[in-house]
Amino acid sequence: MPDEEPVPDDEAVREEPVRGEEPVLRVHDVHRAYGRHRVLRGASLELPAGCLAGVVGENGSGKTTLLRILAGRLRPDRGTVSYRGPLGYCPQETVLNPAFTVDQHLELFRVAYRLADLSRAHELLDTLRFSDCRRRRTGTLSGGTQQKLNLVLALMHDPPLLLLDEPYQGFDWEAYQRFWELAGELRTAGRSFLVVSHIAFDTGRFDRLWRLEDGRLVDDARRAHDPAGEG
Amino acid sequence: MTPTPWTYFSTAARYALLEHSRNRLALVLVVVFVPLWISLGHAVVDRAGVRFLLRAVNATVTAHGNDLSNISGALNAVTLIVGFMMFSVTFKAGSFDQRLAMAGYPRRHLVAAKFAALVVVAAVTCAYATLAVCFYWPPRQPVLLGLALGSGALTYGGFGVMLGAMLRSELAGMLLIIMTSIIDTGLQSPIANPVADKALIRFLPSYGAMQVAATAGFRDSVPVRYLLLGPVWFLGAVLLAALAFQFHTRDRRYAFLTR
C-alpha cells in the first residue's frame, strides 16, 4: 500500500463540521509503541458535539490502544489529547465485580459519579431490557447481559463524550438494535460518541468514520474521494 | 450533589466487607481449617516438654509440645487465610477498583475502606482462632494471644494486598503467600528450631507475632515492641501496594497530555 500523503492541518480543519463550536474531543499527533512495535504513528482527530463517530480497523491495528489513551488509561509516547467535561468509557472487556449485584454496581457508581439518584441508570436498564436482573450478581449473568451493564456504567452519568470499545460485543440482535436507537437519541441530545469497532457493516451508521491504518487515522470520506488515500 | 467523606468511606467499606463475605472458600477455611489445624496439632504433637529460647522475654521457656504447636499452628492458619482473602479481593477487584477510581471515586476512601475491611476480617479470624486454642488449654494471656495473631494476620493481609496489586497471575500470588508463610513460620517454629539463635530470624515477617504469641501463652509480660513489628511490616507492604494502585489509576481525565 502506498504511503498516505500528509494532510495539511488547515485542509483538515476546513472539512470538519465545527459549526463554530469547540470540538468536544481533540486528538493531535498521538504516538504509542509497545517496545519496537509502533502501534500509533501520529493519530489525529477532532470530534464535534452531537456526532456519532466510528473508528474501524483490523485486529491489532491499535483501536483499543487509541481508546485507552483517550480515556486516560494509557499514556501516549507523544501527542496531545484534550476534551471538556467528564467522559464515559466502556472498555472492551467487561469490568465488573462478580461478587456484587447489578443494583450494587449502580449504587457504587452513583457515589463515584456524584449522582443524586439512579433514575437515568434505571431508564437505561429498561431501554436495554435487563431491569429484571437488578438483584442478580453479575457473576451469574450471561456475557451479553454483563456487557449491557458494562455499557450502562459508562452512560449512567450522561456525559457529553462517550468512548466505547466494541460496546455491543455479545449482544443479541434486539439488544444491538436498541443500542443504536439509544445512540441516536443521545446524539440528538448533543452527546458525542467515538465507537471503536471491527465490524464492517456498522460503518453506515456513523456520521464520521475513521479507519486506523498504519497507526494513523484516515478519514473515510476523504479516502473515498481522494485517490491518494485509496489503499 | 457531592457525597460526604463519610458516605465515600462507609459505602466502600460496606461493599468491601460484602465482597469478603462472598468469598465462600475463605469462609470455609476460617470455619473448618483453623480449628482442624489446632485440634490436630493438639492431638498429634507429643505433649512432652520443649525448651526453647523466647527472645521477647530473653529467657528459656519450657512448655508442652502440643500447646506450643497450637501457637505456631494458629499463627500459620490466620496468616495464610487473611493473606489469601486480601490477595483474592485485591486481585479480582483490581480492574474494577481502577474503573471506580477513574469514574471519580476518591482513591483514599477506597483504600481506607479496604483497610477497615482487613481489620474486621483479621479481628474476627483471630478471635476465632484464639477461642479454638483456649478450648484445649488456657494461655496465660488470651487477649494478648489474639493481638499477636492479629499482628501476624495484618502483616500477611498487607502482603496479600501488595501481591494482588502487583501480580498478573492468581496462582503466582497464592503460591508466594504459601511459600513465604512456610519459610517464615517453619524457620522460627520453637519445635523445629528451639534455639533459634541466628540473627536472621529477626527479619522474618511474623517474628514479632510469634514472639508475642509465645509470650502470651506461657508468660505474663507484654512485649509491646515485638507487637508493633507486625504493623511495621504491614505498612511497608501496603505502601508498595498503594504505589502500584496509584500508578495504575492515575487520574488523567482532565489532563492535557503533552510529551
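## A buried threonine in chain B

B:Thr79 lies in helix H3 (residues 65-102) of chain B; helices (H or I, at least four residues) and strands (E, at least two) are DSSP runs numbered from the N terminus. With a relative accessible area of 1%, B:Thr79 is buried, where buried means under 20% relative accessible area, exposed over 50%, and partly exposed in between (1.4 Å probe, protein chains only). Residues up to four places away in sequence aside, B:Thr79 touches B:Gly152, B:Ala153, B:Tyr156 and B:Ser181, contact being defined as heavy atoms within 4.5 Å.

## Basis of the model

This is a predicted model, in which local features need pLDDT of at least 70 and side-chain atom pairs count only at pLDDT 80 or more, while totals for chains, interfaces and linings use all residues. Residues are numbered from 1 along each chain as its sequence is written, chains are lettered from A and ligands numbered from 1 in the order in which they are written, and side-chain values use heavy atoms, with hydrogens and water left out.

## Annotated spans of chain B

An unreviewed UniProt entry assigns the annotation "transmembrane region" to residues 25-45, 74-94, 115-138, 144-164 and 226-245 of chain B. UniProt positions are given in the numbering used here, feature names are shortened, and annotations may be inferred rather than shown by experiment.

Residues 115-138 of chain B are 92% helix and 0% strand, with end C-alpha atoms 31 Å apart. For residues 144-164 of chain B, the figures are 100% helix and 0% strand, and the end C-alpha atoms lie 30 Å apart.

## Overall features of chain A

Chain A contains seven helices and nine strands. Of its 231 residues, 56% count as buried. Among contacts in chain A between residues at least 6 apart in sequence, 71% join residues at least 24 apart. The accessible surface of chain A comes to about 10400 Å², and 46% of this belongs to carbon and sulfur atoms; accessible areas come from the Shrake-Rupley method with a 1.4 Å probe, and for residues only the protein chains shown count as cover.

## A buried leucine in chain A

A:Leu70 is found in helix H2 (residues 63-71) of chain A and counts as buried at 1% relative accessibility. Beyond its neighbours within four places in sequence, A:Leu70 is in contact with A:Leu25, A:Val27, A:Val81, A:Tyr83, A:Leu87, A:Leu163 and A:Leu194. The C-alpha atoms of A:Leu70 and A:Leu25 are separated by 8.9 Å, although the two residues are 45 residues apart along the chain.

## Packing of H3 and H4 in chain A

The axes of helix H3 (residues 102-113) and helix H4 (residues 119-127) of chain A come within 10 Å and cross at roughly 145°. Axes are lines fitted to C-alpha atoms, for helices over the stretch in contact, and angles run from 0 to 180 degrees between N-to-C directions. In this contact, A:Val102, A:Asp103 and A:Leu106 of H3(A) meet A:Ala121, A:His122 and A:Leu125 of H4(A). The residues of the contact divide into four nonpolar, one polar and one charged; Ala, Val, Leu, Ile, Met, Phe, Trp, Tyr, Cys and Pro count as nonpolar, Asp, Glu, Lys and Arg as charged, and the others, Gly among them, as polar.

## Positive phi in two loops

A:Arg114 is placed in the loop between H3 and H4 of chain A. A:Arg114 is not a glycine, yet has a positive phi of about 60°, and counts as partly exposed at 34% relative accessibility.

In chain B, B:Asn58 lies in the loop between strand E1 (49-54) and strand E2 (59-64). Phi of B:Asn58 is also positive, near 55°, and B:Asn58 counts as exposed at 67% relative accessibility.
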